[in-house]
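Visitor: I have a new model open and would like to learn how to read it feature by feature. Could you walk me through it?

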Amino acid sequence: MIAYLERFVPENDSDPVPQDDDNDHHRHDNVLPDSLELHGSAVDLGASAASIASRDFGGMASVQPLALIRPAGADDIARTVRAASATAHLTVAARGNGHSINGQAMADMGLVIDMRCLDPGFFELASGGPCSPPSVVVSGGALWEEVLDWCLKHGLSPRSFTDYLGLTVGGTLSNAGVSGQAFLYGPQSSNVTELEVVTGRGQVVVCSEDENSELFFGALGGLGQFGIITKARILLQPAPDMVRWIRLVYTEFAQFTRDAELLVTLSDGDSFGYLEGFVFVNGDDPANGWPTVPLTLDQTFDPTRLPGTSGSVLYCLELGLNFQAGDRLSEVDSVARRFLGRLRYVEGLEFHADVSYSDFLLRVKRVEQHAKATGIWDAPHPWLNLFVSKASIADFDRMVFKGILKDGIGGPMLVYPLLRSRWDKRSSMILPESGGEIFYIIALLRFTMPYQKGPPAEKMVSQNHEILRTCNQNGLDYKLYLPHYKLQEDWRRHFGDKWAKFVERKSKFDPMAILAPGQKIFPRSSAPGSNAIIDENEL
Ligand SMILES: Cc1cc2nc3c(=O)[nH]c(=O)nc-3n(C[C@H](O)[C@H](O)[C@H](O)COP(=O)(O)OP(=O)(O)OC[C@H]3O[C@@H](n4cnc5c(N)ncnc54)[C@H](O)[C@@H]3O)c2cc1C
């Protein structure tokens, strides 16, 4: 047992946090609480903690933690939260794999929990029965690529993924977790049936649709505000062996959306297993244009196939058709042709490759390796993600893709439809207000070289602001995905009529606002129920 009883004031940090002797807050914040008595966990302090906990993928935010805790189990996380609640101002942030953009997993002079250390290698399979699919219980700190790897060894697979699998289960469930399977199965948060959560009261609680359901639905998409997800039961299905990966080029947005919407609304089981889409520049720019479309090195994009009326940007529908290694390729061809025969893409601008299921799901790992080698991975990433209603998507295309972003962003500009009915209304996730079944996800994934080889981060951030201003000024119906706001009135607007429920859940499960301070939704309060932001009229 490591009992961490020693009081600590950071002295040797290369970048010490200024002390404010007049301010009791800082005196409290700069010591580890006496009650932080952990069983087998490691505690890193000062510069060593900061080297991990003050950085994220966005590369634009940085705050100094008080300590980084590598938990030995959920009980130690609960002890940490309880110890923080015994102080006046300490906060606790779960850090998944730190792939946030705006410091969401950080805690300014608070305790950061390295979720990657929690129960590594913990997998518990339930094989399912005639009426229930198989499922696996995993640690909240497991990476999706680890979950996939383990499941494939059992011939199984999760149903819903993210494009990139180097993200933790708890990190994506706290947002939603969206990729090309989501039109079929919903986001990852719609594909878990049970969670183990450490609440802001320091209790370890198992929750599901039937048991402690407020906490279950609150935590899904809850931005880490109600509890730290320490375990999750994930629904599985038999894994296919192979995927026919298909890309189809469109010149007209209306035809691209018509075909994408047609495919996502086909009945279950009569559809592709994966559907996404992206916008690219009509030109030979290697980062933004035609070369981004072919799937293999021996494929080329032939621009003479484009009609003379083509505009400044083009669209690509990306599909995945699952099949088994033993299936005859002529059968796969005929299934693919049956679907493609109904679509209106540009003839001759169709690409396909047959790849293993795991290579398909791990496709962004190859991008990561390349980006790490060139320095792009460590450069700032001012990404912007939105959900836009079907009613506003044509305006978004006209004003943003064809206007503000007509020269590209130096990385993928994703746009594809999702179905509202696949998202659970009871969860904390927020979708565009107009209630139609179809809405779109937009992901502007900037991958540029560090300044000065690439543009300054401020320029990209200000382009994001311009996009949001344009949406606001023109009344487009949208919500941020992976939201980032600094002011509570903006959060209130974001949550709309779900704000009162969000506040109610906060007061119930984390009344002192200890958890996930990097989201900047609720200020830490010093006594349960005294949280200044909670307006009693709203409860
Ligand atoms: C290269 C890349 C590709 C991506 N692709 C996709 C994609 O295809 N689809 C998609 O939906 N998203 C995608 N994302 C976004 C990603 O889902 C979010 O950034 C997610 O939060 C990252 O997970 P993480 O484990 O790194 O979480 P972190 O960044 O570490 O944490 C995110 C937030 O969740 C909280 N948190 C972390 N772990 C827990 C836990 N166990 N319990 C409760 N709260 C917790 C943190 O405190 C923080 O507030 C991508 C991001 C990157 C960088």
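Visitor: Which domains does the domain assignment of the chain give?

Guide: Keep in mind that this is a predicted model. The assignment divides the chain into domain 1 (24-117), domain 2 (123-238), domain 3 (242-480) and domain 4 (488-538).

Visitor: How far apart do the C-alpha centres of domain 2 and domain 4 lie, and how many residues of each are in contact?

Guide: Their C-alpha centres are separated by 25 Å. As for contacts, twelve residues of domain 2 meet twelve residues of domain 4. On the domain 2 side, helix H7 (213-219) and strand S10 each supply at least two residues, and H7 gives the largest share, three residues.

Visitor: What does UniProt list for residues 61-239?

Guide: The unreviewed entry lists "domain: FAD-binding PCMH-type" for that range. Over residues 61-239 the model has 21% helix and 27% strand, with the end C-alpha atoms 39 Å apart.

Visitor: Now the ligand. How many residues surround it, and which are the closest?

Guide: The shell has 36 residues, and the closest are Gly96, His99, Gly170, Gly171 and Gly224. Strand S3 (92-95), helix H5 (169-173) and strand S10 (227-238) are the elements that give two or more residues to this shell. In composition the shell comprises 14 nonpolar, 19 polar and three charged residues.

Visitor: Let me pick one of those. Where is glycine 224 found, and which residues does it touch?

Guide: Glycine 224 is found in the loop between H7 and S10. Leaving out residues up to four places away in sequence, Gly224 touches Ala94, Ser174, Leu515, Ala516 and Gln519.

Visitor: Is glycine 224 buried or exposed?

Guide: Here we count neighbours: a residue is buried if 20 or more other C-beta atoms lie within 10 Å of its own. Glycine 224 is buried because 28 other C-beta atoms lie within 10 Å.

Visitor: What about the largest nonpolar core: which residues touch the most other members?

Guide: Among its 137 residues, those are Leu111, Ile113, Val388, Ile441 and Ile442. Strand S13 (residues 313-323) gives the most to this core, eight residues. Take isoleucine 113 as a case: apart from neighbours within four places in sequence, its contacts are Ile69, Pro71, Ile77, Thr80, Val92, Ala93, Ala94, Arg95 and Ile228.

Visitor: Let us turn to backbone angles. Which residues are joined by a cis peptide bond?

Guide: Look at omega for this one. Tyrosine 451 and glutamine 452 are joined by a cis peptide bond, with omega about 20°. Glutamine 452 is in the loop between strand S17 (438-444) and helix H13 (457-473).

Visitor: And phi: what is its value at asparagine 212 and at alanine 513?

Guide: Asparagine 212 has phi near 50°, a positive value in a residue other than glycine. Alanine 513 is not a glycine either, and its phi is positive at about 55°. Asparagine 212 sits in the loop between strand S9 (204-208) and H7, whereas alanine 513 lies in the segment after H15.

Definitions and conventions
Residues are numbered from 1 along each chain as its sequence is written. This is a predicted model: local features need pLDDT of at least 70, side-chain atom pairs count only at pLDDT 80 or more; totals for chains, interfaces and linings use all residues. UniProt positions are given in the numbering used here, feature names are shortened, and annotations may be inferred rather than shown by experiment. Helices (H or I, at least four residues) and strands (E, at least two) are DSSP runs, numbered from the N terminus. A residue is near a molecule or strand if its C-beta atom, placed from the backbone, lies within 6 Å of it. Ala, Val, Leu, Ile, Met, Phe, Trp, Tyr, Cys and Pro count as nonpolar, Asp, Glu, Lys and Arg as charged, and the others, Gly among them, as polar. Domain bounds come from an automatic or database domain assignment. Two residues are in contact if their C-beta atoms, placed from the backbone, lie within 7 Å. A nonpolar core is a set of buried Ala, Val, Leu, Ile, Met, Phe, Trp, Tyr and Cys residues joined through C-beta atoms within 7 Å. A residue is buried if 20 or more other C-beta atoms lie within 10 Å of its own, exposed if 12 or fewer, and partly exposed in between; C-beta atoms are placed from the backbone.
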